[in-house]
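Here's a quick briefing to read with the model open in your viewer. Take it topic by topic and click along as you go.

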Amino acid sequence: MGVAAGPIRVVVAKPGLDGHDRGAKVIARALRDAGMEVIYTGLHQTPEQIVDTAIQEDADAIGLSILSGAHNTLFAAVIDLLKEREAEDILVFGGGIIPEEDIAPLKEKGVAELFTPGATTTAIVEWVRENVRQPAASGG
């Protein structure tokens, strides 16, 4: 595809049965205020809906917010669907209530970064700026 032009595009999503989206909205606003294009999908999204939206919107990244305890299942489902649909260039990151012992296995599955309670919006914005649209495997 080459180097993408324009602002970084991020889909912010709340998969599963979570009914609380204040944190996701705060992150969406912080990314938007930092000059990124943000597509917020709303509550109760399925992994399929999230991946469909990311592909349709030509997103560079998906930010998942999960508080329900279903992070292992939902992150894996999104990663697997991106692979199935040959959209692995869309970076997946997330946050929420994620136990420390689950972070390394999630990263091994392909989640690029996880932010737990206490992470600042500044740190998240900086991470997205530094890690989204980076060449995956450049030869130099």
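Predicted model: local features only at pLDDT ≥ 70, side-chain atom pairs only at ≥ 80, totals over all residues.

Residues are numbered from 1 along each chain as its sequence is written, and side-chain values use heavy atoms, with hydrogens and water left out. Helices (DSSP H or I runs, at least four residues) and strands (DSSP E runs, at least two) are numbered from the N terminus.

**Nonpolar cores**

- A nonpolar core here is a set of buried Ala, Val, Leu, Ile, Met, Phe, Trp, Tyr and Cys residues joined through side-chain atoms within 4.5 Å. Buried means under 20% relative accessible area, exposed means over 50%, and partly exposed is in between (1.4 Å probe, protein chains only).
- As background, nonpolar side chains in soluble globular proteins tend to be buried together.
- The largest core has 24 residues, and Ile 62, Leu 64, Phe 75, Leu 82 and Val 92 have the most contacts inside it. Two or more residues come from each of β1 (9–13), α2 (47–56), β3, α3 (71–84) and α4 (100–109), with α3 giving the most, 6 residues.
- Apart from this core lies another, of 17 residues, including Ala 28, Ala 30, Phe 115 and Val 128.
- Val 51, in helix α2, counts as buried because its relative accessibility is 0%. Beyond neighbours within four places in sequence, Val 51 touches Val 78, Leu 81, Leu 82 and Arg 85. The C-alpha atoms of Val 51 and Ala 30 are separated by 22 Å, with the two residues 21 apart along the chain.

**The second largest pocket**

- A pocket is an open set of points on a 1 Å grid over the protein atoms alone, with protein on both sides within 12 Å along at least five of seven lines, and lining residues have an atom within 4 Å of a point. Grid points are joined across faces, edges and corners, and a volume is the space filled by probe spheres (1.4 Å) set on the points.
- The second largest pocket has a volume of about 430 Å³. Its lining has 24 residues, of which Gly 23, Ile 27, Ser 65, Gly 95 and Gly 96 are the closest to the centre.
- At least two lining residues come from each of α1 (22–33), β3 (61–66), β4 (91–96) and α5 (121–131). The largest share, 5 residues, comes from α1.
- By class, the lining has 12 nonpolar, 10 polar and 2 charged residues. Ala, Val, Leu, Ile, Met, Phe, Trp, Tyr, Cys and Pro count as nonpolar, Asp, Glu, Lys and Arg as charged, and the others, Gly among them, as polar.

**Salt bridges**

- A salt bridge needs a side-chain nitrogen of Lys or Arg within 4 Å of a carboxyl oxygen of Asp or Glu; by this rule there are 8.
- Arg 9 pairs with Glu 37, with the closest N and O atoms 2.0 Å apart. The pair links strand β1 to strand β2 (residues 37–40), 28 residues apart. Glu 37 is partly exposed, at 32% relative accessibility.
- Asp 52 bridges to Arg 85, with the closest N and O atoms 2.2 Å apart. Asp 52 is in helix α2 and Arg 85 in the loop between α3 and β4, 33 residues apart. Both count as partly exposed, Asp 52 at 32% and Arg 85 at 33%.
- Shared partners join Arg 9, Glu 37 and Glu 57 into one salt-bridge network.

**Loop residues**

- Most residues other than glycine have a negative phi.
- Asp 58, in the loop between α2 and β3, has a positive phi of about 55 degrees.
- Glu 86, in the loop between α3 and β4, has a positive phi of about 50 degrees and is exposed, at 71% relative accessibility.
- Pro 117 lies in the loop between β5 (113–115) and α5 and is exposed, at 60%. Leaving aside neighbours within four places in sequence, Pro 117 is in contact with Gly 96 and Ile 97.

Terms used
Contact = heavy atoms within 4.5 Å.
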